[in-house]
Amino acid sequence: KLEEIISNLNHIPKENIILNCGGISQAFDLLCQHFITPGDEVICHTLTYIPSLVSVINKYGNLKYIQPILNDNSLDYNLHEILDNITSATKIIYLIHPTYLFGDTFDENEFIDILNKIPTNIAIVLDECYIDYYNNVFNSVNIINSHFVFGLRTFSKFYGLPNTRLSYLVCNKKYREIIKYSFTFKNIPDSSIKEVKKSLLNKDY
């Protein structure tokens, strides 16, 4: 099964994986339906792909932008500013990591320190569409068992299969049980599943 292949690839149990019929934006839309209501806030860094977020979040709540900081002529996440912008209305913090192809990655220790200061009722959503371009980089798999975190993954970038319209989430199994029935895996052509399986099992393919 596809779940088993993804499980082996990420070295996590199948219970930490949710398959999704659609792209990352559609997966985030479903997360918003679960976790935010009108008037709630989503904090988003400007290094994230904004247009898709605006179309999703405007249906449910309000969007707060966090500006990047300039370090050594490169744009970096201003993680500490996230803490300054959290209010009682904040329900989701959305970050892309890594920041686009060949972009920057979080400092693991700094990010975990920030996570430990964020209220535990706020969901952290990491858009990891470019994670497969990197080896041994800190990612959502490292923290799903200790934090309220969802990692969003796609087959459209590194694997070059946007037409399959398949993506998946990694998260703690207790959150998977809450939201898994919202993520349908129906009506996906067998050809799409076969293409993804071939790509995951053989990157030369």
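Phe 150 and Tyr 175 are both buried. Their rings form an aromatic pair in this predicted model. Phe 150 belongs to strand S8, while Tyr 175 sits in helix H6 (residues 173-179), so the pair ties together parts that are 25 residues apart in sequence.

## Other aromatic contacts

Ten aromatic pairs turn up across the whole structure. One of them joins Tyr 130 and Tyr 133. Their ring centres are 6.2 Å apart and their planes stand at 45°, so this pair is tilted. Tyr 130 counts as buried because its relative accessibility is 14%, under the 20% limit. Tyr 133 counts as partly exposed, at 33%.

Helix H7 covers residues 190-201, twelve in number. From first C-alpha to last it reaches 16 Å, close to the 16 Å expected.

Ser 192, Ile 193, Val 196, Ser 199 and Leu 200 are buried in H7. They span an arc of only 130° around the axis, so they lie on the same side of the helix. In an α-helix, residues three or four places apart point the same way, because there are 3.6 residues a turn. Helix H1 (2-10) and strand S9 (166-171) are among the elements covering the buried residues of H7. On the other side, Asp 190, Lys 194 and Leu 201 are exposed.

## Confidence

The protein chain has an average pLDDT of 82, and 81% of its residues score at least 70. Strand S8 (residues 149-154) has the highest confidence, at 94. Strand S4 (residues 69-71) has the lowest, at a mean of 50.

Conventions
Residues are numbered from 1 along each chain as its sequence is written. This is a predicted model: local features need pLDDT of at least 70, side-chain atom pairs count only at pLDDT 80 or more; totals for chains, interfaces and linings use all residues. Side-chain values use heavy atoms; hydrogens and water are left out. Helices (H or I, at least four residues) and strands (E, at least two) are DSSP runs, numbered from the N terminus. The expected span of a helix is 1.5 Å times one less than its number of residues. Buried means under 20% relative accessible area, exposed over 50%, partly exposed in between (1.4 Å probe, protein chains only). The arc is that of the directions from the helix axis to the C-beta atoms. Contact means heavy atoms within 4.5 Å. pLDDT is the predictor's confidence in each residue, from 0 to 100. Rings of Phe, Tyr and Trp (its six-membered ring) pair if their centres lie within 6.5 Å; planes under 30 degrees apart count as stacked, over 60 as edge-to-face and the rest as tilted.
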